[in-house]
Amino acid sequence: VTIAGAMTHTGNVEIENASPTLTLDNSTSENGGRESTIRWSGKKLDGTAHYLAEIIGEQNGSSDNQAGVLKFAINTGSSGTSLPVFHFFDSSGCVGFNGQADSSHRLSLFGSDSNSSFLIRNTASADGDDTGSATLHFQRKHGGGTTSSSAKIIASHDGTAQDDKGK
């Protein structure tokens with residue numbers, strides 16, 4: 001089924017096939033943009049319409065290329081129909097959280113308040129010494145394809161009491 005132009009359908013939409021594909025094809029021939037969006041929207045009790053979340057796929061940059069970008073936008077509670085992008089995946093494999101991906105880093109975490117933090121949580125329940133550890137590994141790949149640890153940061157509980165003492 002090919003649909004050109006606007007269409008409204010009331011009810012559920014189901015695609016069934018051995019290998020189903022949903023294609024959103026932006027018909028504009030251009031360099032830069034070429035975006036397509038999947039949008040979740042709703043209406044408040046007073047009938048005010050707003051967007052809840054969006055996934056946007058678009059061209060990366062404005063040159064004549066095929067590189068793509070995937071963005072996740074989420075309503076912060078008062079965004080209406082103009083949603084801020086929180087997660088950003090670019091064509092070079094870089095990922096940005098709470099902002100655009102920084103092309104000089106594979107993973108970027110941005111923040112403009114006191115909540116610029118990264119959490120690693122061990123969910124095991126124990127209060128003994130050296131329990132509940134969490135580790136952040138830094139590794140490198142050698143010319144022969146093997147991998148070794150360059151450094152690691154290990155945080156664990158210090159002591160046996162139920163407290164916040166760590167080492």
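In which strand is the place of L136? L136 lies in strand β7 of this predicted model.

## Overall architecture

The chain contains 0 helices and 8 strands. Read from the N terminus, its elements follow the order β-β-β-β-β-β-β-β.

Of the chain's 167 residues, 14% are classed as buried. Among contacts between residues at least 6 apart in sequence, 20% join residues at least 24 apart.

## The nonpolar surface patch

F97, L107, L109, F118, I120, L136, F138 and I153 together make a nonpolar surface patch of about 730 Å². The elements that contribute two or more residues to this patch are β6 (107-109) and β7 (134-141).

L136, a member of the patch, has a relative accessibility of 32%. L136 therefore counts as partly exposed, because that class covers residues between the buried limit of under 20% and the exposed limit of over 50%.

## The loop at T81

T81 belongs to the loop that joins β3 (68-74) and β4 (85-89). Which residues does T81 touch, not counting residues up to four places away in sequence? With those residues set aside, T81 touches H50 and Y51.

A further relation involves A53: T81 and A53 are 28 residues apart in sequence, while their C-alpha atoms are 9.4 Å apart in space.

How values were computed: Residues are numbered from 1 along each chain as its sequence is written. This is a predicted model: local features need pLDDT of at least 70, side-chain atom pairs count only at pLDDT 80 or more; totals for chains, interfaces and linings use all residues. Side-chain values use heavy atoms; hydrogens and water are left out. Patches are made of residues with over 30% relative accessible area and no salt bridge: like charges are joined within 9 Å, nonpolar side chains (Val, Leu, Ile, Met, Phe, Trp, Tyr) within 5 Å. Accessible areas come from the Shrake-Rupley method with a 1.4 Å probe; for residues, only the protein chains shown count as cover. A salt bridge is a side-chain nitrogen of Lys or Arg within 4 Å of a carboxyl oxygen of Asp or Glu. Helices (H or I, at least four residues) and strands (E, at least two) are DSSP runs, numbered from the N terminus. Buried means under 20% relative accessible area, exposed over 50%, partly exposed in between (1.4 Å probe, protein chains only). Contact means heavy atoms within 4.5 Å.
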